[in-house]
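Here are some notes to read beside the model. Please keep the structure open as you go through the points.

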Amino acid sequence: MLDPRFKACILAGKCGSISEAANELYLSKQAVKKQIDSLENELGFSLFYRSSKGLIMTPAGRLFLEGIEKMTDQYRQLVNRCIFSAKQGKKQVLTILLPDHPKIYFEDDLVAYNTLYPDVLLNVIDTRNLMVLYNNTARLRTLEEGVVDVIFAPYDPQYDPKTTVFRKLADLRFYCVMKRGHPLSEKEFITKEDLSPYQVWVNTVMDREVYEHIIDQDIEQLPERIIYAEKELFSVPIMVSFCLNDGVFINKGQFMETLKPLVAVPFEPPFYVDSGIYYRKDAPEHVLNFVEMVFSHPWDYDMTSVTP
């Protein structure tokens, strides 16, 4: 088993706060601090600089935690594959990586596929169970490495599809996410001008051009009120806290209204990004059968009203 201190340190590094990490782990602040101190003493070097404003990773700490996070993800994926391999007997396995709420997005397809192909064992992985939450690059890497067979994800123009295929399923619309009771929360839609008095957080690197269009600013010359966070700094607890303090978070409507008590209000005019299925070009027949089943009917799920 992996050392439980790893997760505490990785979350503390992402959140920049022992308190935030403790809340996400449902542990006391003292318990998380003890885990970090214990691991640092064992390693012989500091993982973080401590200050009144929180934690900042040291160069050695960043190198160590990035390596441990990757190792942790690989370990979990390996265990997952081994469990299903042990259960399958002579069956083939179809491993599908889906974001957030797979049983709602593809429930009918999964049931139909299981009925038509009972000898194929379905292994559906929810990305919330991985440390690479909302990291599209890491998801696509699992496909290249053969860890998964099919991924539902936004189209990534920076991804070089030498060995994979992308097929569009739907448009993902961009939304403004905020707390209930925010001055903008009751609006039918939000314009760029509506955002001017508020702090705004934009997040995803691959949607850079969309964000620049939305906020009408070069992302390298943002005013102080706009926070641009690289994907590795993204943390759901931090984002929720930001919104609860009157901030506005910009992202696709893929999972937005699942984060109660937040609400998602669309932009006007609307902005979209392609979303669909990635699979390998050399995918075996049982994988292609699932892909064709998904595309055999209209796909029109409302991606902002899904509840956990």
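**Notes on a predicted model**

1. Start with Glu40. Its relative accessibility is 10%, so Glu40 counts as buried, the cut-off being under 20%. This is a predicted model, and the points below should be read that way.

2. Where does Glu40 sit? Its place is in helix H3, which spans residues 29–43. The side chain of Glu40 reaches the backbone nitrogen of Leu47 at 2.7 Å. Leaving aside residues up to four places away in sequence, Glu40 touches Phe45, Ser46, Leu47, Phe48 and Arg50.

3. Next, the cores. The largest nonpolar core has 20 residues. Leu94, Ile96, Phe106, Val150, Ile277 and Phe290 touch the most other members. At least two residues each come from strands E3 (92–98), E4 (120–126), E5 (150–154), E6 (164–179) and E11 (272–280), and from helices H6 (107–116) and H10 (285–294). H10 gives the most, with 5 residues. There is also a second, separate core of 19 residues, which includes Ala8, Cys9, Ile36 and Leu39. In soluble globular proteins, nonpolar side chains tend to be buried together.

4. Now look along H6. Asp109, Leu110 and Tyr113 are buried in this helix. Why do they lie on the same side of H6? They cover an arc of only 100 degrees around the axis, and this puts them on the same side. An α-helix has 3.6 residues a turn, so residues three or four places apart point the same way.

5. The face turned away from the buried side carries Asp108, Val111 and Thr115, which are exposed.

Definitions and conventions
Residues are numbered from 1 along each chain as its sequence is written. This is a predicted model: local features need pLDDT of at least 70, side-chain atom pairs count only at pLDDT 80 or more; totals for chains, interfaces and linings use all residues. Side-chain values use heavy atoms; hydrogens and water are left out. A nonpolar core is a set of buried Ala, Val, Leu, Ile, Met, Phe, Trp, Tyr and Cys residues joined through side-chain atoms within 4.5 Å. Buried means under 20% relative accessible area, exposed over 50%, partly exposed in between (1.4 Å probe, protein chains only). Helices (H or I, at least four residues) and strands (E, at least two) are DSSP runs, numbered from the N terminus. The arc is that of the directions from the helix axis to the C-beta atoms. A polar contact is a pair of N or O atoms within 3.5 Å; within protein, one must be able to donate a hydrogen and the other to accept it, and residues adjacent in sequence count only if both atoms are side-chain atoms. Contact means heavy atoms within 4.5 Å.
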